[in-house]
Amino acid sequence: MISEFDFSEAPFSFLTAEQQSLLRRHLSLEYFPAGTIIVKVESAAPGLYRVMKGHVLAFQHQAQGRQLFSDYHEGDLFAAYGLPEQRAHYEYQAAEDSICYLLNRDVFLQLLDENSALQAWFSGALEHKSRGIQQRDDLPELAGMMLSRVGEIRLHQPVWVNAHATIREVTEKMQAADADAALAVIGSDTGIVTRTDLLRALTQHNLSPDSAIGPIASYPLIAVREEDFLMQALLTMTRHRIDRVAVTHEDGVMSLLGMNEILSHFSTHSHVITLRIARAQQLSDLTAIASDMHRLTATLYQHGVHMQALGELIGALNAQLMERVFTLTFPVDWQDDCCLLALGSEGRHEQLLRTDQDNALVLARDPDTALVQAAEAFSAALLQLGFPPCPGQIMVNNPYWRRTTEKWSESIFRWAEQGEAEAFMHLGLLSDARAVAGNASLLNPIEQTMKQLASNKIFLRAIVAEALAFQSAFTIFGRLRSDRSGIDLKKGGIFPLVHGIRVLALEAGIRTSSSFDRIERLRELNILRSKTAANLKQALSVLMRLRLNQQLSDYRFAEAPDNAVYPERMRYLDRELLRDALRVVEQLKELLKSRFQL
């Protein structure tokens, strides 16, 4: 019996201990010299193969002849499809001397019958395979907040004072302890006096610094227990409209818990980040928030949150961050006379890390000096918050991307007539536009102008060609096209998928920006089949996840993140998902060629 077979990765990680034992008992090792036909097309394969060492090729037999379909290396599986009907879909040949595990066909089919997860994996649908790496998609982001307890926060010893102490004495004691509140004791009662209470007593009620603090303290003391959940503490503060509560232990009051401590503890939770953004009074307040958003992305990714949900969350937070920067940098009289647009992946809510700035302004009137200065300040502020400048200068500090509604419409028609790659790129960015600040109604004329272009079939054919222009991620021999620089996921996968869906959505008059939502609307309109739509969504999720994983790794090693991934460094499951996702992209290209007669 072979004992060293690896069960740590999908799909074999789905097996129970008993099923793994059954597999081991019916596993054999087979040696194939280079050139050997391992399985002939249309023949009955003896079972499922897994490459232990070597290189195996798969060929399709079509009307135009024998064509290379794919290749397999160490850890890859082959010959699964066709086992139930005992008719191999492909021909498999050893490209070099190879050693493969062979699992008996009958045992493999028995395992498929017993294990629904294994069966789903080998069904061939990309969405099933993706679940192998997203077992925790339904983990709520607020679980940490809901389950954290008061005692988990680092609390400080309270300042205790007698209710007969003076305002001066209490102020000095609080300053010495760097505290903003003190507990006041009078007899058997305990109350609280805050720095705000002391200030109000002196300035509003004209009390002397030598007045006793007893009358200005608040009674009774509102408290929570050390073992209570933090959510309960938040609800208590909200219910009583206070900013701090006492924390009690079995021996009595042990400390004070303030809103600031809670916000600090949960600084990387999205709901708290939203609150912190709203509270920010100056740009320096937003710097730490932007950094915490990066950590939030990494944390949620590690917890297996689905890419669509993660993109929507981070996109919404980025929009709130930019809206706050807009409010802090633009004059009040301009805030209703312009609209800040997020473009491209930021507009689609598919930019998971801050890779660059892509934004524009729609103006209700001609710009003046104040507007120009505000646009400069806005771009500079985003740079300070970690948004790198766009290499193509697609930013509001560039006059080219600040226009009135009339001039935007003129530019859109001019770009469409030019038929140049750069003009089509600009149109693609605008079709993804999302209003994030200012007067959102100013975006409507631009959307109407874009809608008019949808009736121009010549334009649609020209712009869809951009999705087909990038080189396939596969070689003519069916292998992933990878070298020392890796595979560029943006050029080879994400852009053609996103742009192809963008053009189909434009043709159909779909106004939503998100690629996932566009795919769903295209399915509802019967432009895409349900299976095609599901595979496109999963392909985009896979490509986004693999790119994010590599970019987070780049950050950890202080390297500039890019779009490259390296198949040879991937675990088997990720390599399999990448291959399947890129095939879905190629299928979309064929659909576009057929639909637009290219």
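The largest share of the lining of the second largest cavity, 3 residues, is contributed by α11, in a numbering of helices (H or I, at least four residues) and strands (E, at least two) taken as DSSP runs from the N terminus. The structure is a predicted model, in which local features need pLDDT of at least 70, side-chain atom pairs count only at pLDDT 80 or more, and totals for chains, interfaces and linings use all residues. Residues are numbered from 1 along each chain as its sequence is written, and side-chain values use heavy atoms, with hydrogens and water left out.

At least two lining residues of the second largest cavity come from each of α11 (283-302) and α12 (307-329). A cavity is defined on a 1 Å grid over the protein atoms alone, as a set of points where a 1.4 Å probe fits but cannot get out; a pocket is an open set with protein on both sides within 12 Å along at least five of seven lines, and lining residues have an atom within 4 Å of a point. Grid points are joined across faces, edges and corners, and a volume is the space filled by probe spheres set on the points. For the second largest cavity this volume is about 50 Å³. Its lining consists of Met 293, His 294, Thr 297, Ile 314, Asn 318, Leu 352, Leu 353 and Arg 354. By class, 4 of these residues are nonpolar, 3 polar and 1 charged, where Ala, Val, Leu, Ile, Met, Phe, Trp, Tyr, Cys and Pro count as nonpolar, Asp, Glu, Lys and Arg as charged, and the others, Gly among them, as polar.

In total, 6 cavities of 30 Å³ or more are found. The largest cavity holds about 240 Å³ of space. Of the 18 residues that line the largest cavity, Ser 431, Met 450, Leu 506, Ile 510 and Arg 511 lie nearest its centre. The helices α17 (421-431), α18 (444-453) and α20 (489-508) each supply at least two residues of this lining, and the largest share, 4 residues, comes from α18. The lining of the largest cavity comprises 9 nonpolar, 4 polar and 5 charged residues. At least three of its residues are drawn from each of domain 3 (280-453) and domain 4 (456-597), with domain bounds that come from an automatic or database domain assignment.

The second largest pocket has a volume of about 950 Å³. It is lined by 39 residues, among which Asp 356, Asp 358, Leu 429, Lys 490 and Phe 495 lie nearest its centre. The largest share of this pocket's lining, 7 residues, is supplied by α20. By class, the pocket lining has 17 nonpolar, 9 polar and 13 charged residues.

The whole structure contains 17 aromatic pairs, in which rings of Phe, Tyr and Trp (its six-membered ring) have centres within 6.5 Å; planes under 30 degrees apart count as stacked, over 60 as edge-to-face and the rest as tilted. The pair of Phe 326 and Phe 330 is stacked, because the ring centres are 4.5 Å apart and the planes lie at 25°. Phe 326 is buried, with a relative accessible area of 2% (buried means under 20%, exposed over 50%, partly exposed in between, with a 1.4 Å probe and protein chains only). Trp 401 and Trp 408 form a tilted pair, since their ring centres are 5.8 Å apart and their planes are at 45°. Trp 408 is buried at 0% relative accessibility.
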